[in-house]
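Hello,

Here is the structure I promised to hand over. Please have a look, then read my notes below.

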Amino acid sequence: MSGTKSPSLKAQAINTGQSPIEALIVSHGQPSDPEPAEAILARYTAGIQADIPDHVIESATLAAPGRLEKQLDRLVDGGVIYPLFMADGWFVRTALIKRISGASLDTVVAVMPPFGLDVALPGIVARNITETLSATFGVNAQPNLLVAAHGSAHGTAPAASALLFAERLRKELPGVPIDVGFIEQDPSLGDVAATMAVQTICLPFFAMPGEHVRLDIPAALKQGGFSGPVLPPVSQLDGAAKIISNALSRALNRRQTS
């Protein structure tokens with residue numbers, strides 16, 4: 001993806017002590033209050049940066065006005081963009097691509113597959129779930145898992161991604177019944193939660209701890225009478241950040257050798 005903009009902005013960034021960016025982690029953010037979500041993503045990205053110190057990794061949310069464009073100005077030729085999204089849906093395929101195209105870059109950038117589709121993710125999540133199930137209900141319990149997903153009334157990608165993830169997770173957790181409920185489509189999270197056994201934990205299939213995780217999921221679970229433990233959103237689980245570090249390391253090493 002390329003444009004015709006003069007490289008002066010990138011040169012200016014270097015002259016003012018800002019390193020050119022090799023990889024940019026992008027998430028949705030919070031349109032109603034952009035700055036806190038922007039800060040959370042920046043802190044998260046700092047952990048990724050610490051894991052791969054030989055490369056410059058930074059972040060931007062779509063919701064913070066002008067933030068993505070500002071970071072794109074510093075992205076090196078052949079740099080990569082990592083979508084910290086759970087689905088390859090409208091925000092990745094349309095909103096993000098439109099913003100990149102509108103920036104009129106003088107460089108070529110590559111958009112990587114989103115976080116939620118990484119084939120390594122179910123194994124990491126399964127390990128976290130197993131540890132939580134054992135600590136909460138005991139090693140001999142027969143617990144259930146409720147996946148709380150976003151869904152959409154306007155497209156199939158969010159639900160399809162969640163259902164694919166649940167199917168992959170079933171292979172990692174044989175014998176654990178897994179159900180999926182949605183915030184924005186049927187079957188609704190509240191309705192599914194109402195059918196779950198007492199020994200159930202909930203996994204928010206969300207990238208970051210935004211309002212859906214903090215407000216909508218608890219409200220839906222309360223509506224369904226759910227009282228079990230709720231895990232952090234997927235990116236916050238133990239080992240999840242390493243998946244991003246590994247994916248970025250592979251992509252950046254390919255860029256250097258090409």
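This is a predicted model: local features need pLDDT of at least 70, side-chain atom pairs count only at pLDDT 80 or more; totals for chains, interfaces and linings use all residues.

Helices here are DSSP runs of H or I with at least four residues, and strands are E runs of at least two, numbered from the N terminus. Ser227 sits in the loop between helix H8 (211-223) and helix H9 (240-257). Ser227 is exposed, at 72% relative accessibility (exposed is over 50% relative accessible area, buried under 20%, partly exposed in between; 1.4 Å probe, protein chains only).

Residues are numbered from 1 along each chain as its sequence is written, and side-chain values use heavy atoms, without hydrogens or water.

Next, Gln71. It lies in helix H3 (residues 67-72). Gln71 is buried, with a relative accessible area of 1%. Leaving aside neighbours within four places in sequence, Gln71 is in contact (heavy atoms within 4.5 Å) with Ile21, Leu24, Glu58, Ser59 and Ala60.

Last, a helix pair. Helix H5 (residues 121-137) and helix H6 (residues 157-172) pack at about 60 degrees, with axes 9 Å apart (axes are lines fitted to C-alpha atoms, for helices over the stretch in contact; angles run from 0 to 180 degrees between N-to-C directions). On the H5 side, the residues that meet H6 include Leu121, Val125 and Ile129. Among their partners in H6 are Phe165 and Leu169.

Best wishes
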